[in-house]
Amino acid sequence: MKKHVVNEKELRYIEFLNRETDKRHHTSLEDNLQYDLLKAGDLRAIEESEKILYSGLQGKLSDDPVRNARYIFVCGAALASRTAISGGMPSERAFNISDLYIQKMDKLNTVKEIHALQVDMFSLYTHEMAELDKKSVFSKPVTLCMDYIYHHLHESIPVQELAKLTKLNGSYLSTLFKKETGVTISEYILSKKMEAAGNMLKYSDYSYAEISSFLNFSSQSHFIRVFKKQKGITPRQYREKYYTIVVDEQGNRKESVPGIF
């Protein structure tokens with residue numbers, strides 16, 4: 001068997017040290033969330049990346065704090081650029097953003113400065129992804145509706161409210177929205193609620209009742225029924241499939257797998 005620079009003894013030793021000092025890395029679920037949000041152009045990605053960056057759970061890549069921050073920055077830039085490309089950003093633009101930020105990072109001398117620049121980089125990628133989606137297809141009135149819907153999923157969203165926002169006749173706005181998106185306004189709202197529900201089931205331990213209430217469903221049973229119709233499986237089955245967590249029949253967390261929470 002080929003000998004490698006890093007050997008089994010070293011790996012076992014660092015595992016031992018991490019257990020003894022109660023240290024761990026971010027789980028894949030925690031890391032994936034920020035990049036899933038970035039790819040979708042969801043501005044919550046910025047907050048999520050900042051939370052992870054300052055959590056103290058970053059890997060130790062060097063004994064020198066500044067060099068360690070530099071290495072983590074480069075890793076983040078590589079992942080962010082490739083995530084943006086997979087979401088539709090032209091590869092040359094994504095790589096140029098990464099290159100320029102790394103060049104700017106190389107001139108910094110403190111961990112605080114490097115971390116602040118990394119948050120700025122993540123913010124730029126996320127905003128670019130958000131704009132990429134809007135510029136490619138939709139008119140200003142439809143974009144305004146999408147933005148409003150995104151920020152008001154926890155409320156009732158009548159068409160007349162959107163018509164008032166866009167200063168268009170409700171009937172005309174409904175026709176325009178269907179023409180550009182291929183779905184009605186109510187269908188779009190429901191799809192975004194289901195998308196939000198899916199993320200909450202995957203990335204949190206909120207109960208079904210809490211998710212139902214947050215997304216303004218009339219009852220937990222109504223939420224479960226709609227979710228199953230849209231996704232083809234129940235919220236419980238969805239959570240069990242995509243998230244390593246044990247829940248009871250009401251969707252409450254009973255116990256979590258070590259390392260997740």
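Student: In which helix is Leu79 found?

Tutor: This is a predicted model, where local features need pLDDT of at least 70, side-chain atom pairs count only at pLDDT 80 or more, and totals for chains, interfaces and linings use all residues. Residues are numbered from 1 along each chain as its sequence is written, and side-chain values use heavy atoms, without hydrogens and water. Leu79 is in helix 4 (residues 65-86); helices are DSSP runs (H or I, at least four residues) numbered from the N terminus.

Student: Is Leu79 buried, partly exposed or exposed?

Tutor: Buried means under 20% relative accessible area, exposed over 50%, and partly exposed in between (1.4 Å probe, protein chains only). Leu79 has 46% relative accessibility, so it counts as partly exposed. Its C-alpha atom is separated by 9.6 Å from that of Ser98, 19 residues apart along the chain.

Student: Which residues of helix 5 are buried?

Tutor: An α-helix has 3.6 residues a turn, so residues three or four places apart point the same way. In helix 5 (residues 91-105), the buried residues are Ala94, Ile97, Ser98, Tyr101 and Met105. Seen down the helix 5 axis, they fall within an arc of 95° (taken from the directions from the axis to the C-beta atoms), so they line one face of the helix.

Student: At what angle do the axes of helix 10 and helix 12 cross?

Tutor: Axes are lines fitted to C-alpha atoms, for helices over the stretch in contact (heavy atoms within 4.5 Å), and angles run from 0 to 180 degrees between N-to-C directions. The axes of helix 10 (residues 185-203) and helix 12 (residues 220-231) cross at roughly 100° and come within 11 Å. The two helices, helix 10 and helix 12, are therefore roughly perpendicular (65 to 115 degrees).

Methods
Parallel < 35°, antiparallel > 145°, perpendicular 65-115°, else oblique. Expected span 1.5 Å × (residues − 1).
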